[in-house]
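Reader: I am new to this structure. Could you take me through it step by step?

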Amino acid sequence: MINFYVMTLFPEMVENGLNVSILKRAKEAGRLGFEAINIRDYTLDKHMKVDDYPYSGGAGMLMNPDPIVRCHNAVMDKIPEERKGKVRTIYLSPAGRMFNQDMARDFAKSEDLIFICGHYEGIDQRAIDMVVTDEVSIGDYVLTGGELAAMVMIDSISRMVSGVLHNDDSAETETFSGNLLEYPQYTHPEIYEGRRVPPVLLSGNHKLIDEWKRTQSLVRTRERRPDLFEKVELSKQDKKLLKKYDEETGV
Ligand code: ADE
């Protein structure tokens with residue numbers, strides 16, 4: 001069971017985004033909890049302002065520290081005393097450590113995760129220094145706010161939680177276990193618009209099918225993600241499969 005708390009200026013965006021499909025079912029089954037908390041509810045400003053100009057000058061507005069710290073305190077108050085010390089607070093930012101499957105697996109061991117979604121040009125560094133344990137980016141591109149990034153992280157962390165997927169194995173057997181990309185998959189019909197399912201998959205020969213899947217994973221990873229392929233520990237059999245593929249395709 002993980003409780004996700006999302007601090008945001010757009011709580012309805014997060015609630016609507018998470019309350020569907022597998023995550024909705026997992027929430028109803030008591031495997032996950034989600035709560036979106038509106039940072040604006042914690043401002044003491046009479047105009048409900050939550051942002052201001054940066055001292056450094058430059059374009060854009062920064063979120064003030066006080067509403068964030070007060071909102072974070074209110075979230076911590078919801079968490080039982082004995083779990084408070086283990087809470088991780090994640091600030092979504094393009095300047096963070098790059099998110100990956102190993103991090104999803106690690107965050108999935110937590111019971112309580114707090115996400116802080118910034119808007120405008122980000123948040124005052126003092127709020128980060130005071131409450132954030134992990135600053136995380138979901139990729140080398142800039143979003144208009146942290147909400148989509150938080151939802152991406154919550155989705156991938158949730159599927160590592162026991163009981164969220166129907167088949168507990170599938171959390172691990174898919175792409176990125178062993179640093180390999182998944183092989184291509186096919187379903188009915190056998191011929192679609194003149195395109196055939198690879199004949200080996202209809203052969204009923206499980207050894208050949210397994211070899212085909214492994215070859216496809218290896219070749220895809222080598223072509224599309226050389227950075228991952230470098231980390232793959234190739235077995236003798238893998239090397240044989242790649243050699244055979246290269247000979248057959250004339251690489
Ligand atoms: N906020 C804006 N861009 C982001 C990114 N790439 N990752 C995480 N949070 C962000």
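The conversation below turns to the ligand, a helix, and several individual residues.

Reader: What kind of model is this?

Author: This is a predicted model.

Reader: Let us begin with the ligand. Which residues are around the ligand?

Author: The residues around the ligand are Leu92, Ser93, Pro94, Val136, Ser137, Ile138, Gly139, Tyr141, Val142, Leu143, Gly145 and Ala149.

Reader: How many of the shell residues are nonpolar, polar or charged?

Author: Eight residues of the shell are nonpolar and four are polar, while no charged residues are found there.

Reader: How much of the ligand does the protein bury?

Author: The protein buries 96% of the 260 Å² that the ligand exposes when taken alone.

Reader: Now to helix H3. What span should its 14 residues have?

Author: Helix H3 covers residues 65-78, and at 1.5 Å a residue it should span 20 Å. The C-alpha atoms at its ends are 21 Å apart, which agrees with that expectation.

Reader: Which residues of H3 are buried?

Author: They are Pro67, Ile68, Val69, Cys71, His72, Ala74, Val75 and Met76.

Reader: And what do the buried residues of H3 pack against?

Author: They pack against strands S1 (2-8), S2 (32-38), S4 (62-63), S5 (88-98) and S6 (112-116), and also against helix H5 (125-131).

Reader: Let us take a residue of S1. Is Asn3 buried or exposed?

Author: Asn3, which lies in strand S1, is buried, because its relative accessible area is 16%, under the cut-off of 20%.

Reader: What is Asn3 in contact with, leaving aside its neighbours within four places in sequence?

Author: Asn3 is then in contact with Gly33, Arg83, Glu111, Asp112 and Leu113.

Reader: Where is the place of Arg83?

Author: Arg83 sits in the loop between H3 and S5. Not counting residues up to four places away in sequence, Arg83 touches Asn3, Glu111 and Asp112. Its side chain makes a polar contact of 2.7 Å with the side chain of Asp112.

Reader: Turning to S2, what can you tell me about Leu32?

Author: Leu32 is found in strand S2 and counts as buried, at 2% relative accessibility. Leaving aside neighbours within four places in sequence, Leu32 has contacts that include Met1, Ile2, Phe4 and Val164. Leu32 and Ser217 are 185 residues apart in sequence, and their C-alpha atoms are 32 Å apart in space.

Reader: Now the backbone. Which residues are joined by a cis peptide bond?

Author: His188 and Pro189 are joined by a cis peptide bond, with omega about 5°. Pro189 is placed in the loop between helix H7 (170-173) and strand S8 (191-192).

Reader: Which residue has a positive phi although it is not a glycine?

Author: Met48 is one of these, with a phi of about 65°. It is found in the loop between S2 and strand S3 (51-52), and Met48 is partly exposed at a relative accessible area of 39%. Glu193 is another residue other than glycine with a positive phi, near 50°. Glu193 lies in the loop between S8 and strand S9 (195-196) and is exposed, with a relative accessible area of 66%.

Reader: Lastly, is Val197 buried or exposed?

Author: Val197 counts as buried, at 9% relative accessibility. Its place is in the loop between S9 and helix H8 (206-224). Not counting residues up to four places away in sequence, Val197 touches Tyr186, Thr187, Pro189, Glu190 and Leu202. One of these, Pro189, also takes part in the cis peptide bond.

Reader: How are Val197 and Met130 separated?

Author: They are 67 residues apart along the chain, and their C-alpha atoms are separated by 56 Å.

Note on methods:
Residues are numbered from 1 along each chain as its sequence is written. This is a predicted model: local features need pLDDT of at least 70, side-chain atom pairs count only at pLDDT 80 or more; totals for chains, interfaces and linings use all residues. Side-chain values use heavy atoms; hydrogens and water are left out. Helices (H or I, at least four residues) and strands (E, at least two) are DSSP runs, numbered from the N terminus. The expected span of a helix is 1.5 Å times one less than its number of residues. Buried means under 20% relative accessible area, exposed over 50%, partly exposed in between (1.4 Å probe, protein chains only). Contact means heavy atoms within 4.5 Å. A residue is near a molecule or strand if one of its heavy atoms lies within 4 Å of it. Accessible areas come from the Shrake-Rupley method with a 1.4 Å probe; for residues, only the protein chains shown count as cover. Ala, Val, Leu, Ile, Met, Phe, Trp, Tyr, Cys and Pro count as nonpolar, Asp, Glu, Lys and Arg as charged, and the others, Gly among them, as polar. A polar contact is a pair of N or O atoms within 3.5 Å; within protein, one must be able to donate a hydrogen and the other to accept it, and residues adjacent in sequence count only if both atoms are side-chain atoms.
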